[in-house]
Amino acid sequence: MRYDITTLTSGFEAIMSGILDSVNLRTQMVGQNRLELLLFGLETSQRYGINVFKVREVLQCPELTEVPRLTTSVKGMAHIRGETIPVLDLSEAIGRRAIPADEQRKCFLIVAEYNRRTLAFLVRKVDRIFNTQWDQIMPPPAEIGSENYLTAVFELDGKLVEILDVEQILADLYPMATDVSEDVADKSVREQAQQHHVLIVDDSAVARNQMQRSLESLGLKVTSANNGKQAWDLLRGMADKGIDVEKSFLMVISDIEMPEMDGYTLTAMIREDTRMQRMHVVLHTSLSGGFNVSMVKKVGADGFLAKFNPNDLATVVVNRIGQVRES
């Protein structure tokens with residue numbers, strides 16, 4: 001049984017059917033600071049959200065193929081439309097009770113694409129699509145500390161909905177190297193990099209840390225911001241003090257999906273401000289799909305990067321250093 005994530009009626013049959021409907025529908029949201037969330041549940045009444053852009057489809061959990069000696073929260077593999085996709089018990093991955101094997105067929109798979117990897121999240125229930133604005137999505141309170149899997153929260157029907165930091169969950173399961181190959185950046189490039197400063201923007205702590213380690217290994221100075229609003233306040237504050245922002249930063253590398261202000265809106269605001277409109281902006285995202293290129297062009301960004309690969313990231317920066325050197 002398969003459901004369309006772009007059509008919602010009522011009851012079990014209405015949860016989802018199909019894939020993202022069209023590029024044009026999604027690109028209408030570009031620069032409007034809007035997003036759509038698929039709401040779902042795990043072991044309790046707590047509701048969680050995942051960006052619809054990340055979701056390829058939702059279906060009832062089929063019989064899973066076990067993987068020998070598997071000891072993580074990956075429960076097995078599902079064969080879906082010609083692909084063999086690993087299935088992650090999202091409840092167990094965040095430290096809750098695992099879904100028993102005899103109950104899996106009553107549950108759902110959210111098939112998603114992150115960082116060029118396709119995988120399926122096993123969840124208890126799928127609720128509905130919720131359309132909102134990024135400025136209604138708030139970072140989690142600082143008082144809860146950094147040792148958690150939350151990236152944002154928002155209020156719905158008088159209760160908080162939690163948006164999970166899927167990048168952190170996957171990084172814990174599949175640690176990624178951050179070293180940059182010598183083939184991408186040799187000694188001379190690294191020496192030139194020491195003269196430059198990069199602003200990175202991402203609401204995921206693990207994504208910021210991955211990028212920062214890779215960029216600093218090149219010799220670059222790195223400033224980070226947790227979301228588009230924080231980055232915009234920094235850039236505008238510098239410009240208001242008379243600082244030449246365009247010369248202060250080699251480039252801005254920003255995530256797209258962030259609370260308070262998304263990367264599209266941040267880019268649009270940079271382009272509208274004459275004090276910084278020529279800044280080099282590259283947008284990056286764990287979202288997959290061809291619509292990203294169309295969206296990036298629409299808001300006037302200079303490039304797009306599917307995160308995270310240290311050599312791809314370094315290549316973008318090295319190319320930018322070359323452009324500045326030649327100008």
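Let's start with the largest cavity: it is lined by 23 residues, and K54, T151, I163, L164 and D203 lie nearest its centre. By cavity I mean a set of points on a 1 Å grid, over the protein atoms alone, where a 1.4 Å probe fits but cannot get out, and lining residues have an atom within 4 Å of a point. Before going on: this is a predicted model, where local features need pLDDT of at least 70, side-chain atom pairs count only at pLDDT 80 or more, and totals for chains, interfaces and linings use all residues. Residues are numbered from 1 along each chain as its sequence is written, and side-chain values use heavy atoms, with hydrogens and water left out.

Which elements give two or more residues to that lining? Helices here are DSSP runs of H or I with at least four residues, strands are runs of E with at least two, and both are numbered from the N terminus. By class, the lining has twelve nonpolar, four polar and seven charged residues; Asp, Glu, Lys and Arg count as charged, Ala, Val, Leu, Ile, Met, Phe, Trp, Tyr, Cys and Pro as nonpolar, and the others, Gly among them, as polar.

The space in this cavity comes to about 220 Å³, and the whole structure has four cavities of 30 Å³ or more.

Now to salt bridges, meaning a side-chain nitrogen of Lys or Arg within 4 Å of a carboxyl oxygen of Asp or Glu. The whole structure has 15 of them. In one, R47 pairs with D157, with the closest N and O atoms 3.3 Å apart. R47 sits in strand β3 and D157 in the loop between β10 and β11, so this pair ties together parts 110 residues apart in sequence. D157 counts as exposed, at 59% relative accessibility, where exposed is over 50%, buried is under 20% and partly exposed is in between (1.4 Å probe, protein chains only).

D157 also forms a salt bridge with R128, at 3.8 Å between the closest N and O atoms. R128 lies in strand β9 (residues 125-133), so here the tied parts are 29 residues apart in sequence.

Last, helix α8 (residues 263-272): eight of its ten residues are buried, including Y264, L266 and I270.

Terms used. On a 1 Å grid over the protein atoms alone, a cavity is a set of points where a 1.4 Å probe fits but cannot get out, and a pocket is an open set with protein on both sides within 12 Å along at least five of seven lines; lining residues have an atom within 4 Å of a point. Grid points are joined across faces, edges and corners, and a volume is the space filled by probe spheres set on the points.
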